[in-house]
Amino acid sequence: MRLRLMHRGLNIGDIVRVLSSGPMRGPVYVENLATGVRLALGRGVASRVLVEPVK
């Protein structure tokens with residue numbers, strides 16, 4: 001999964017912003033702020049990505 005995300009433009013240490021996330025179903029849309037790449041991650045993949053809030 002890590003390689004798939006890296007090929008799509010999401011790397012370890014990147015700062016991302018959640019663009020939208022439905023309350024029940026559907027993908028989570030994120031944007032990589034370093035590169036401007038926008039991704040739609042399925043709920044299963046998104047639940048496995050470790051994130052920390054940035055202030």
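Q: Where does Ile15 lie in this predicted model?
A: The model is predicted, and in it Ile15 sits in the loop between helix 1 (2-7) and strand 1 (16-21).

Q: Why is Ile15 called partly exposed?
A: The relative accessibility of Ile15 is 45%. Buried means under 20% and exposed means over 50%, with partly exposed in between, so Ile15 at 45% counts as partly exposed.

Q: How do you know whether Val45 is buried or exposed?
A: Val45 has a relative accessible area of 17%. The cut-off for buried is under 20%, so Val45 is buried. This residue, Val45, is found in helix 2 (residues 43-46).

Q: What is Val45 in contact with, leaving aside neighbours within four places in sequence?
A: Val45 is in contact with Met1, Arg4 and Leu5. Between Val45 and Arg2 the C-alpha to C-alpha distance is 9.9 Å, although 43 residues separate them in sequence.

Q: Which residues make up the largest nonpolar core?
A: That core has seven residues: Leu5, Leu10, Val28, Val30, Leu39, Leu41 and Val45. Strand 2 (28-32) and strand 3 (38-41) are the elements that give two or more residues to this core.

Q: Which residues does Leu41 touch, not counting those up to four places away in sequence?
A: Leu41 touches Leu5, Pro27, Val28, Val30 and Ala46.

How values were computed:
Residues are numbered from 1 along each chain as its sequence is written. This is a predicted model: local features need pLDDT of at least 70, side-chain atom pairs count only at pLDDT 80 or more; totals for chains, interfaces and linings use all residues. Side-chain values use heavy atoms; hydrogens and water are left out. A nonpolar core is a set of buried Ala, Val, Leu, Ile, Met, Phe, Trp, Tyr and Cys residues joined through side-chain atoms within 4.5 Å. Buried means under 20% relative accessible area, exposed over 50%, partly exposed in between (1.4 Å probe, protein chains only). Helices (H or I, at least four residues) and strands (E, at least two) are DSSP runs, numbered from the N terminus. Contact means heavy atoms within 4.5 Å.
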